[in-house]
Amino acid sequence: MNNEFFSYHVEHQSTECFARTGVFKTPHGEIHTPIFMPVGTRASVKGLAPEEVATAGAEIILANTYHCFLRPGSETVQKAGGLHQFMQWSRPILTDSGGFQVFSLANSRVIDDDGVSFKSHLDGKTFKFTPESNMAVQEQLGADIIMQLDICMPYGASKQAAAEADARTFAWLKRCYLAHKNHNQALFPIIQGNFYQDLRLASLRNALPYIKHGVAIGGLAIGEPLTELRTQLQNLAPHLPTDVPHYLMGAGTPDYIFEGVENGIDMFDCVYQTRVARNGMALTDDGNMNIRNTKYKEDFTPIQSDCQCYACQHYTRAYIRHLVLCGEMFGLRLLSIHNIHWTLKLMDKIRASIKDDRFLAFKHEFYERFYHGDPAEKAVKKVATTGIVTGKPPAVKAGHSPLKAKTKPSAK
């Protein structure tokens, strides 16, 4: 549904699959989809200035409600003029509800029909998110796009537990919808259902009356095999509303991006790009590059010869390797700049392939060069030969929560 603040227009629809390009207009600018959103968990993309993120090509970033609520506090951010003014980012911002972080704290949170009570990982103080209070916090933060409060169940949860969580998520959606008053913010419902196809479709059907400007798909990209992601997205793709953008939460590795785009996903986010950078990993067209390797000690070429990012235009593999091995922050910053730029350029290429109606061919070409084959098929072959299952669900003892106990929230 379009209004004076938000509109979405499909520009090109693939004839091969559900892939499409579009333009999502928001109060702080246009977003060309499919798009990747760098993650600024605490109102900062780790280690980078907003100007560097913008120069890398980012049209929108994500901030986390849980972390910004605890520190510096949503009231402080509101007094600063909202996240845009607080962090000096003039382009669109999306905030998640913080639900994923809260529900990852299995031993320090209590869920009831009213909401979720949790202990801060910073000082142990107890707080409570209700759908109403969560909407108020996100309004104070002032992002363009906000998420409903939901429950994200882990891979391996029982169907009964997933259904119970879905019922609460839907009840909370209705309350979020009633509490949402700021028309300058687009509220996205979240589709859950864990890895049960009928629950996924039921969650989507329940959410349809509340989908006005966009819809999010949660509870995927949480450690499941790529084949499982494909199955869930293929199940949903024919039923998603076509007049709004579709957001796959927490997904941003190249394989998840391609699988998502093929099945009609328009928006992605992930900490992967900056997290692997802090471990000395660079993303290239030929796969992941571990810059720590000895073979780069006297390699005086850029990370990628045709890359136009700041790191590749000014520095060599040898120099960046030296910085990383010495523990110099500048090296990790350079890798972060490169990885974000590389991912956003990948999105440019994906959009171009959709416009030329050759997305599936481009996907195949990318998989062959980056992964040396279909990553899902390779994972299946690995299981067949080694018995090692990637993304195997954790064992859940009877009477215990399937949520893995943590003392600190996930940064996903």
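1. A cavity here is a set of points, on a 1 Å grid over the protein atoms alone, where a 1.4 Å probe fits but cannot get out; lining residues have an atom within 4 Å of a point. The model is predicted: local features need pLDDT of at least 70, side-chain atom pairs count only at pLDDT 80 or more, and totals for chains, interfaces and linings use all residues. Numbering starts from 1 along each chain as its sequence is written, and side-chain values use heavy atoms, without hydrogens or water.

2. Three cavities reach 30 Å³ or more. Arg 42, His 67, Leu 70, Arg 71, His 121 and Leu 122 form its lining.

3. Pro 72 sits in the loop between helix H2 (65–70) and helix H3 (74–79). Helices are DSSP runs (H or I, at least four residues) and strands likewise (E, at least two), numbered from the N terminus.

4. A cis bond also joins Thr 33 to Pro 34, omega near 0°. Pro 34 lies in the loop between strand S3 (29–33) and strand S4 (35–38).

5. Asn 194 has a positive phi, near 55°, though not a glycine. Its place is the loop between strand S12 (190–191) and helix H8 (197–207). Most residues other than glycine have a negative phi, and most peptide bonds are trans.

Terms used
On a 1 Å grid over the protein atoms alone, a cavity is a set of points where a 1.4 Å probe fits but cannot get out, and a pocket is an open set with protein on both sides within 12 Å along at least five of seven lines; lining residues have an atom within 4 Å of a point. Grid points are joined across faces, edges and corners, and a volume is the space filled by probe spheres set on the points.
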